[in-house]
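Look over the sequence and the model shown here. The paragraphs below take the chains in turn and then the contact that joins them.

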Amino acid sequence: MERAADFELKIWRAPRVGDKPRAGARLFVTMVLACACLSALMASWLPLQFSVITVFLFAGPHNWFELRYFVMRLPARFGRSRNFFAVSFAGIAVLTVTYISLPAFYYSKLWSGANWPTAIAVWNTLLLLWVATLVWLRGRQRHARDWSWAFPITFGLSSLNWLAPELFSLAIVYAHPLVALWFLDRHLRRARPDWLPAYHRCLCLLPLLLVAIIWQLARTPALTDDNGLAWRITQHAGAQILPNISSHLLVSVHVFLEMLHYAVWLIALPLIGVTAAPWNFKSIPLARRPRGFPRLIIAVMALALFLVGMLWMGFSTNYATTRDIYFTVAIAHVLAEAPFLLRMI
Amino acid sequence: MKSTLIFCAAGFTILAGAVLAFGDIARPKETPSPVARGKSAFHTSLAVVPEAGAWEARLQISPESLRQLRAALDNVPADSSMAQNITNSSTRTIMAGLFMFLAVSFAGVWLARSGHSRNQKAAAAVVIAAALMGATAIITRGNAGPPPGWSWRNLQQNLNGGTETRGSVNVEIMPEGSGIKLIVPLYKQNPNTDRKPGE
């Protein structure tokens, strides 16, 4: 039953890029290094402009690729994973709706601003408890694995969250792009194990680039955020929560990490053959199996493509408002990454 | 009528004289009014430096402190310390404590149920306890250190001796008044023992 519900690993083993594996690894490393260095350079030099352009170009498409990846990873039958997926979908739905309704409650004056940190702390706690439950359920699926250590860690993190809820939320904003690197690691383990050492060496460059950005921009003056868009970008990077750190540094680090996140989903994972060709719906188990839903899957993907187009139109007409709406709704894809990453572990 | 007028005039003269001369009533003992507290803007360090050749008193502010002051004036939340953040909300402190208690309890149960050896369990228990106590002490600043004003205890002595005194200061923004006022805790000097303010 579980075998039927689990994913077929064959589809992850795409044909090699070149005849020689080393040539493929070399190309992969070159692309990773070029992408990381160029992103760090651009994010440090023109943080606001780079943020505007990258979100405009890549936010929608990377969400489409993520949705396709998630749909592709959904088994046709849940089998023993029924509870895991039930908790996953319920958590994604509840947490997304509550996250979206938080600003709505705030702007409708249903509570005072003084209660805002408490509301954020409650939401963060629910998120942590949901992730801990998923970890525990995943541990139960795997034989001889006791993953109940997730609960003490979750309670410890919840304690820190209640001490400084806004800082904890900001930590999630900065940590989320790094999750993509973990996805890439897990897929390289399965699809391209010979590329893994080179990838790990590339990862060592990440803290060095971050230290270089911090060293270069720590004493730079704050960015001019006299217009609504620049103000939103600096606020998103945490300029209000960390007023003693240069907003130039905060925006640069955030944009750099975001760019890495986009690069993984749009370049690296398709390169190693994880997401298959976008138009090849036969790679999706839910569409391929006899008792699947091929039309529904095609309709969902077409609707998602339409929304990407709408997002571009929104950015073109009113960038600031569309950006606000996007980053509020995009919490759904942040949440969805948790169960699918756990399925890879 | 005449006697009434004379009586009133005499009474007025006595009263006027009593008011002008405060009568003969002993003046009440002056009690120092408590110093008003303003809105706390940020916490920083302060050095009081007596300078023999200085023409006038000078107040020097670092760019970082100026930035913090500007943020406070713009109603931007300053980067207050973790302890200040915690003491601002009792609900959040209680919740943080509750979750810390749950974390330690669950960690203990997990450790007891895990298949590690007794030595490993003991080592893990020591690490968990040390981490918990350390985190609690750091977050709440425990009660280990001296009070913040302790570094000002030798101010008088240092001023007389012309040496520098350095300590922490809480910058407050007052709703009214003019100029800048520096309030330092006063410690009674005792040659044998140092005593805390008010003792």
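Start with the pattern of chain B, which reads α-β-α-α-α-α-α-β along the sequence. That gives chain B 6 helices and 2 strands. Helices here are DSSP runs of H or I with at least four residues, strands are runs of E with at least two, and both are numbered from the N terminus.

This is a predicted model, in which local features need pLDDT of at least 70, side-chain atom pairs count only at pLDDT 80 or more, and totals for chains, interfaces and linings use all residues. Residues are numbered from 1 along each chain as its sequence is written, while chains are lettered from A and ligands numbered from 1 in the order in which they are written.

How confident is the predictor? The score to read is pLDDT, the predictor's confidence in each residue, from 0 to 100. Chain B has a mean pLDDT of 71, and 63% of its residues reach 70 or more. Residues 193-199 of chain B fall below 50; this stretch has 10 contacts in the model beyond near neighbours in sequence. Two residues are in contact if their C-beta atoms, placed from the backbone, lie within 7 Å. Chain A has a mean pLDDT of 83, with 90% of its residues at 70 or more. Its residues 1-18 are below 50, and beyond near neighbours in sequence they have 32 contacts in the model. The model scores ipTM 0.76 and pTM 0.69.

Chain B has 199 residues, and 8% of them are buried. A residue is buried if 20 or more other C-beta atoms lie within 10 Å of its own, exposed if 12 or fewer, and partly exposed in between, with C-beta atoms placed from the backbone. Take the contacts in chain B between residues at least 6 apart in sequence: 68% of them join residues at least 24 apart.

Now turn to chain A. It has 14 helices and 0 strands. Of its 345 residues, 32% are buried. Among its contacts with a separation of 6 or more, 78% are between residues 24 or more positions apart.

A:L74 sits in the loop between α3 (47-73) and α4 (82-107) of chain A. Is A:L74 buried, exposed or partly exposed? It is partly exposed, because 16 other C-beta atoms lie within 10 Å. Neighbours within four places in sequence aside, A:L74 is in contact with A:P285 and A:L286. From A:L74 to A:F85 is 11 residues in sequence and 9.2 Å in space, C-alpha to C-alpha.

Next come helix pairs. Two packed helices are described by the angle between their axes and the distance between the axes. Axes are lines fitted to C-alpha atoms, for helices over the stretch in contact, and angles run from 0 to 180 degrees between N-to-C directions.

In chain A, the axes of α5 (residues 116-141) and α6(A) come within 9 Å and cross at roughly 170°. The two helices are therefore roughly antiparallel (an angle over 145 degrees). Residues of α5(A) that meet α6(A) include A:L128, A:A132 and A:W136. On the α6(A) side, A:F151, A:L157 and A:W162 are among them. This contact divides into 10 nonpolar, 5 polar and no charged residues. Ala, Val, Leu, Ile, Met, Phe, Trp, Tyr, Cys and Pro count as nonpolar, Asp, Glu, Lys and Arg as charged, and the others, Gly among them, as polar.

Further along, α7 (residues 165-191) and α8 (residues 196-217) of chain A have axes that come within 10 Å and cross at roughly 160°. That makes α7(A) roughly antiparallel to α8(A). Here A:L181, A:D185, A:L188 and A:R189 meet A:L196, A:Y199 and A:L203. By class, the contact has 5 nonpolar, no polar and 2 charged residues.

Finally, how do the chains meet? The contact takes 22 residues from chain B and 17 residues from chain A. On chain B, α4(B) gives the largest share, 11 residues. The chain B side has 15 nonpolar, 3 polar and 4 charged residues.

Methods. Angles under 35 degrees count as roughly parallel, over 145 as roughly antiparallel, 65 to 115 as roughly perpendicular and the rest as oblique.
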